[in-house]
Amino acid sequence: MERIRAVLVDIDGVLTVSWKALPGAASALEQLRDAGLRVALVTNNTSRTRAAIASRLAGLGFPVEAGDVLTAPAATAAYLRERFPGARCLLLNSGDVREDLTGVTLVEEGDADVVVLGGAGAEFGYEALNRVFRQLQRGAPLVSMHRNLYWRTEGGLDLDTGAFLEGLEKAARTHAEVTGKPAPAFFASALAHLGVGAAEALMIGDDIESDVLAAQRSGITGVLVRTGKYLPETHRAASGTPDHVLDSIAGLPALLAAEGGGTRRP
């Protein structure tokens, strides 16, 4: 681990739950920065813009600016601009992230060229899902910001986009292009943002598949935390083994120091 120069940090379930800071999380992030590590917050959060996320975290005591936050909506915008320039996009999402969808044409009526799914919420009702289904039957490509099945709130686990996405894919006989985690392109973009190679980076998250194992498949060291959406049964049934497992992000600075990482400036 002495080669680690940068840390990718998930937000929901690692730094916060329902936008309340987890114990020791802000201090851990500060220690990582003090150790000279480059830090990026990589999130599938689709309800807030990068600026709004950074502002909320800063208000909780985290040393974060908007430029530190890499979101699935921003990655989706880049993908749509490259692959479907000028396309009419039907967006189904809980929350307003239009500010991060620069250069994307969103439509609310008529036929769409591309269907885009963000995060699930009350907006994912029958009428909205059926409209998406009909556009897919017409042949519109399906793009999803992520395929997480659930996420952690103060009230427990809530369903997320993946629970609806799989049904849409089967019903429409199509397959979604995922632009956030666990897409390799998302991790590649984060590494480019930090200016490091995969072997020099560590990813810490609460989702063993989308955060940790996906990062490891890209050559990034993976650390799973037992906070947020973590469930022992999901850990046992996972498709692989994390490089490290911690009770929370509060233990990451000590892990890096013990392994010789994060003790010098890159």
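This is a predicted model: local features need pLDDT of at least 70, side-chain atom pairs count only at pLDDT 80 or more; totals for chains, interfaces and linings use all residues.
The strands were considered first. An open sheet is built from 5 strands, arranged in the order β7-β6-β8-β9-β12 with parallel pairing. The edge positions are taken by β7 (105–106) and β12 (177–178); each has a single partner strand, so one side of each is left without a neighbour in the sheet. Strand β8 covers residues 114–117 and strand β9 covers residues 142–144, and the two run parallel, joined by 3 bridges. One of the residue pairs in this contact is formed by V115 and L142, the latter lying in β9. In general, the strands of a sheet pair through backbone hydrogen bonds, in either the parallel or the antiparallel sense.

The antiparallel sense is found between β10 and β11. Strand β10 spans residues 150–153 and strand β11 spans residues 156–159, with 4 bridges between them.

Helix α5 comprises 12 residues, 161–172. The distance from its first C-alpha to its last is 16 Å, close to the 16 Å expected at 1.5 Å a residue. Buried positions in α5 are T161, G162, L165, L168, E169 and A172. When the helix is viewed down its axis, the buried residues of α5 fall within an arc of 120°, so they line one face of the helix.

The structure contains 1 cavity of 30 Å³ or more. The largest cavity holds about 40 Å³ of space. Its lining consists of L80, R81, F84, P85, G86, A87, C89, G103, V104 and T105. Sorted by class, the residues lining the largest cavity are 6 nonpolar, 3 polar and 1 charged.

Helix α3 extends over residues 72–83 and includes A75. The relative accessibility of A75 is 22%; because buried means under 20% and exposed means over 50%, A75 counts as partly exposed. In sequence, A75 is 15 residues from L60, while in space the two are separated by 25 Å, C-alpha to C-alpha.

Terms used:
Residues are numbered from 1 along each chain as its sequence is written. Side-chain values use heavy atoms; hydrogens and water are left out. Two strands pair if DSSP finds at least two bridges between them. On a 1 Å grid over the protein atoms alone, a cavity is a set of points where a 1.4 Å probe fits but cannot get out, and a pocket is an open set with protein on both sides within 12 Å along at least five of seven lines; lining residues have an atom within 4 Å of a point. Grid points are joined across faces, edges and corners, and a volume is the space filled by probe spheres set on the points. Ala, Val, Leu, Ile, Met, Phe, Trp, Tyr, Cys and Pro count as nonpolar, Asp, Glu, Lys and Arg as charged, and the others, Gly among them, as polar. The expected span of a helix is 1.5 Å times one less than its number of residues. Buried means under 20% relative accessible area, exposed over 50%, partly exposed in between (1.4 Å probe, protein chains only). The arc is that of the directions from the helix axis to the C-beta atoms.
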